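Me: I have a new structure open and want to learn how to read it. Can we go through it feature by feature?

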Amino acid sequence: MRFLQPPFLARRRALQHLVVGTAVLGVSGCGFVLRQAPTFAFESVRIAGSENSPVAIELRTALRVNGLQVLTSATPIPPEGAAPAQVVLTVITDQRERLAVGQTAAGQVRELQLRTRFSFRLRTPKEKELIGDTELLLERDLSFSETAVLSKEAEEALLYRDMTSDVVQQVVRRLAAVKSL
C-alpha cells in the first residue's frame, strides 16, 4: 500500500524542486565555473633561496600535487644530457612578523597584528624573466588576553597556517598564469 502525502507537502516538495532547478539554471547561465586544477607551461621547477621555510615547504608540496617535478638544492644536479629544471623560482623573502598594535592604559598588549611576507621571482635557467620580483603580504589581526595565553598561541599558529596556505595558493595561481617560456 502506497502512502499518500497531504496536499501541502506535495506543494512544498514541488516548490523546493522549482527553487533548486531555478538556482541551477541561473548559476549555469551566468558563466559560473568551478575552479579547475592549474595547468603550467613548464613541467619542472627548481626552488632556490629559503627552501626550508613553512611557505616554501608547503609550496613544494602543492606544486608536486599539481604534477610538477620540484627540484631543490638538495636534489642532485642532473648528469650531462639530462634536462635541468625548466624554470627557477627564487624565494627572496619569506618571513613572519608579529606586531603589538593595541595596548591598554597600563601598557598591556590587547591586539596583535600577524604578517606573512613572501617575495619571489620566476626565471628560466637562461635568466629570461617570467615573473618579476613579486611581494605578497598578508595580515591578520588577533586580540590578545594574558589570561588565555595558551589558546591565543594556538589561534596564532592557526592564523599563520591559514596565511601560509593563502600565499601558496596565490603563488600557484601566478605560476599557472605563465603561458609560455
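Me: Which helix gives the most to the lining of the largest pocket?
Reply: Helix α3 (residues 149–176) gives the most, with five residues. This is a predicted model, where local features need pLDDT of at least 70, side-chain atom pairs count only at pLDDT 80 or more, and totals for chains, interfaces and linings use all residues. Residues are numbered from 1 along each chain as its sequence is written, and side-chain values use heavy atoms, with hydrogens and water left out.

Me: What counts as a pocket, and what is the volume of the largest pocket?
Reply: Take a 1 Å grid over the protein atoms alone: a cavity is a set of points where a 1.4 Å probe fits but cannot get out, while a pocket is an open set with protein on both sides within 12 Å along at least five of seven lines. Grid points are joined across faces, edges and corners, and the volume is the space filled by probe spheres set on the points. Here the largest pocket has a volume of about 210 Å³.

Me: Which residues line the largest pocket?
Reply: Lining residues have an atom within 4 Å of a point. Among them are Arg-35, Pro-38, Asn-66, Val-168 and Arg-173. The lining divides into six nonpolar, three polar and two charged residues. Nonpolar means Ala, Val, Leu, Ile, Met, Phe, Trp, Tyr, Cys and Pro; charged means Asp, Glu, Lys and Arg; the others, Gly among them, are polar.

Me: How many helices and strands does the protein chain have?
Reply: Helices (H or I, at least four residues) and strands (E, at least two) are DSSP runs, numbered from the N terminus. The protein chain has three helices and five strands. From the N terminus on, the order is α-β-α-β-β-β-β-α.

Me: In which sense do β1 and β3 pair?
Reply: Two strands pair if DSSP finds at least two bridges between them. β1 (residues 44–49) and β3 (residues 87–103) have five bridges and pair in the parallel sense.

Me: How many bridges join β3 to β4?
Reply: 14 bridges join β3 to β4 (residues 109–123), and the two run antiparallel. Ala-100 has Leu-112 in β4 as its bridge partner. The hairpin of β3 and β4 has five residues between the strands, and Gly-107 there takes a positive phi near 85°.

Me: What sense do β4 and β5 take?
Reply: They pair antiparallel, over 12 bridges. Ser-119 stands opposite Glu-135 in β5. In the hairpin of β4 and β5, Glu-127 takes a positive phi near 70°.

Me: Is Thr-134 buried or exposed?
Reply: Buried means under 20% relative accessible area, exposed over 50%, and partly exposed in between (1.4 Å probe, protein chains only). Thr-134 is at 15% relative accessibility, so it counts as buried. It sits in strand β5 (residues 129–143). Its side chain reaches the backbone oxygen of Gly-132 at 2.8 Å. Glu-129 also lies in strand β5, but at 47% relative accessibility it counts as partly exposed. Of the 181 residues of the protein chain, 31% count as buried.

Me: Why is the pair of Phe-40 and Phe-42 called tilted?
Reply: Rings of Phe, Tyr and Trp (its six-membered ring) pair if their centres lie within 6.5 Å; planes under 30 degrees apart count as stacked, over 60 as edge-to-face and the rest as tilted. The structure holds two aromatic pairs. In the pair of Phe-40 and Phe-42, the centres are 5.6 Å apart and the planes stand at 40°, so the pair is tilted. Phe-40 and Phe-42 are both buried.

How values were computed
Polar contact = N/O pair within 3.5 Å; in protein donor to acceptor, adjacent residues only side chain to side chain.
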